[in-house]
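Please keep the sequence and the structure in view while reading.

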Amino acid sequence: MNKKAANLSWLEDLNPQQQTAVTYGDGPLLVVAGAGTGKTKTLAYRVAYLIAQGVNPGKILLLTFTRRAAQEMLRRAAHIAQRGSPATVRVWGGTFHATANRLLRIYAKAAGLSKDFTILDQGDAEDLIGLIRHEKGLHNREKRFPRKRTCLAIYSRCVNGSLRLKDVLERYFPWCAAWEEELRPLFKQYVSRKQERNVLDYDDLLLYWVQLVSDEKFANRLSKRFDHILVDEYQDTNKLQAQILLGMRYGNNNIMVVGDDAQSIYGFRGATVRNILDFPKEFPGTSIVKLEQNYRSIAPVLETANLVIAGAKERYPKNLWSDREEGERPKLVTCKDETQQNEYVIQQILRHYEEGIALHKQAVLFRAGHLSDSLELELTRKNIPYHKYGGLRFLEASHVKDLIAFLRLAENPRDEMAWLRVLQLMDGIGPGTASQAIRHVVEHGNSPESIGTFNVRPSARKQMAAFAETVSDLVHAGSSHPALQIERIRRFYDPLLHKLYENPGARSRDLVSLEQIASGYRLRRDFLVDLQLDPPTSTGDLAGPPHREDDWLVLSTIHSAKGCEWDVVYLIHAADGFLPSDMATGSEEEIEEELRLTYVALTRARDFLYISWPLRYYHRWYAMSDSSSYAQPCRFFTDDVMKSLDEVYLEQDSEVDRRSEATNSRDIAERIREMWEE
Ligand code: ATP
Ligand code: MG
């Protein structure tokens, strides 16, 4: 091909294997490759290439793990095509769930849904199951019936893994196996209740989609809608998502998926690496491209990462190499305690910053959201700005959920959970009265304004009237700006906020942030959908796009760091019990997933990698007879791995002999395990 003539000179940015993938013709294509080999880059170039070849951008579907990832790739694709082509705006890009939402609104009728369905988030779905569990009297059985959260987890496993209830119970929830007979009707009712109420939980979005394409007629129609489908991070998709793709390619097999089995870290949510392995079987005629050069990391960092993943029992060997030979070996830093770890990390951050690496090119990674608590305090004290990804509970905060529930019931007056939530905010209205009120609305043809004629005790009348007025305003404000609707809700809700919750000032500020996010939307429905399917992942997201001159350090859980890269990475709390997390060392499979998670963390680093662990932990979170105990480093740092690291011991207490104390004292992992024993 004459690349210059076709104005495809930008293909020269890619290596020959990447070029093969980007310029591949029709048919299924699988790219399996290790971290940092340019899988995501290849996908972005493929989008640009397809558009350059005349494919209609509106007929390209790009599925990614987060909305942010899709936006970033499309921005890249537009940039690659040089003209900064706005055509990529028309590409369908986003997560499986967000795409399901878009398609299901278009094909609502065929899916047996009404277009104005609302979405139950995890907490609402649990509450609905809890409600039905209660109605069925299952909560007060002699032997304890599974909690609502466990019920939903069981249900979700069945749905996402396309598995039978019996098998799920046996395999993942053996302690609940005795309840199979009760769980089945509970789930049945959960499903019919959602249907009656025109609400979908997260799993339903995929489930309805798969049902839609399991009908030949629709599979045909939907396949025609997209000429090309591209999927990033395929190793973290589940069985249902694989089925969806099969259905979507009923009449056309142009599909490209990229992934790395060594980075599969969502097994706990039903993702399965089998999807990658079975892809060639499911899509006959698949070509496979392997990428082996890692462009991200310097060789010493890659060596450590390769040695860590070599410890995996099940894996498909890859020859990852980097030609960036120069650079420091990663450091394994043993700190006296968490305070010293914070001091050390901050010191290095500032040093690198002084040397010219901006804050946002540096990231601190950790296994669980709370592990950065004390570091955050220290950063705030030192005035170092940061954004935190993952582990953010903004949308799960009660006051935020309250406010969203108002919008939801205005959008879908059948949304029972939204009604239950807001009605019970008022004085003297408990679950009983709230249920009666909901029945009243149902009997009045689901007209939200009929709440105004519901009879309450005289003492509650005034508040109820104000509530009815709010609801009525919202219903009539259907097409007005969602930010204005939030303002209207706050007029009613703010006084309640002060009565209901501690710390109303901070909560009120959250609502202002929510109003700000809403101002970026024209339609209430779009705002609700984005909030629930692709919630703001960092406190920074709430503030809108950062100013150009802003710079901030990145803090992130390892899960949320997937696919990203930074010049400097600090992996903190690399102590056994924290990494691997003691919550996830029950089975060999779980430990393997923790190993892959560690691999994901290490492979985020481009030039510098610091792994640190505090030797001594003080028990702030739980009462223990001792005030502290000693940790062991992460078990995945075997002797071989250690040889690739430079060990640094920060100054220890003089009276403490680090090694003997560490081995003689009871290991922290064991102590944390004990917390969960009856
Ligand atoms: P991960 O497995 O972590 O998702 P990935 O395989 O998707 O990684 P990318 O994020 O696409 O890898 O690329 C990693 C880095 O390597 C990026 O900075 C990218 O720009 C760079 N890169 C990829 N291919 C090339 C290339 N051919 N030449 C130069 N740089 C490249
Ligand atoms: Mg990637």
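Strands, as the word is used here, are DSSP runs of E with at least two residues, and helices are runs of H or I with at least four, each kind being numbered from the N terminus. The model is a predicted one, and by these criteria the secondary structure of its protein chain comes to 28 helices and 16 strands. Of the 678 residues of the protein chain, 56% count as buried, and among contacts with a separation of 6 or more, 77% are made by residues 24 or more positions apart.

D567 belongs to strand 13, which spans residues 566-571. Is D567 buried or exposed? Its relative accessible area is 16%, and because the limit for a buried residue is set at under 20%, D567 counts as buried. Once its neighbours within four places in sequence are left aside, the residues in contact with D567 are I357, K361, R606, D607 and F608.

From the strand we turn to a pair of helices. Two packed helices are described by the angle between their axes and the distance between the axes. For helix 7 (residues 148-161) and helix 8 (residues 165-172), the axes come within 9 Å and cross at roughly 120 degrees, and the crossing is right-handed. Helix 7 contributes I154, R157 and C158 to this contact, while helix 8 contributes L165, V168, L169 and Y172; by class, these residues divide into 6 nonpolar, no polar and 1 charged.

Another helix shows how an element can be enclosed by others. Helix 18, covering residues 416-423, is mostly covered, with 7 of its 8 residues buried, namely E416, M417, A418, W419, L420, V422 and L423. The elements that cover these buried residues include strand 4 (118-120) together with helix 6 (122-135), helix 9 (180-197), helix 17 (398-411), helix 19 (431-443) and helix 20 (458-476).

The ligand remains to be described. Around ligand 1 there are 19 residues, of which K39, T40, Q263, E565 and R604 come nearest. Some polar approaches can be given atom by atom: a nitrogen atom of ligand 1 is 3.2 Å from a polar backbone atom of D13, and an oxygen atom of ligand 1 is 3.0 Å from a polar backbone atom of G36.

Technical notes:
Residues are numbered from 1 along each chain as its sequence is written. Chains are lettered from A and ligands numbered from 1 in the order in which they are written. This is a predicted model: local features need pLDDT of at least 70, side-chain atom pairs count only at pLDDT 80 or more; totals for chains, interfaces and linings use all residues. Side-chain values use heavy atoms; hydrogens and water are left out. Buried means under 20% relative accessible area, exposed over 50%, partly exposed in between (1.4 Å probe, protein chains only). Contact means heavy atoms within 4.5 Å. Axes are lines fitted to C-alpha atoms, for helices over the stretch in contact, and angles run from 0 to 180 degrees between N-to-C directions. A crossing is left-handed if the near helix is turned anticlockwise from the far one by less than a right angle, and right-handed if clockwise. Ala, Val, Leu, Ile, Met, Phe, Trp, Tyr, Cys and Pro count as nonpolar, Asp, Glu, Lys and Arg as charged, and the others, Gly among them, as polar. A residue is near a molecule or strand if one of its heavy atoms lies within 4 Å of it. A polar contact is a pair of N or O atoms within 3.5 Å; within protein, one must be able to donate a hydrogen and the other to accept it, and residues adjacent in sequence count only if both atoms are side-chain atoms.
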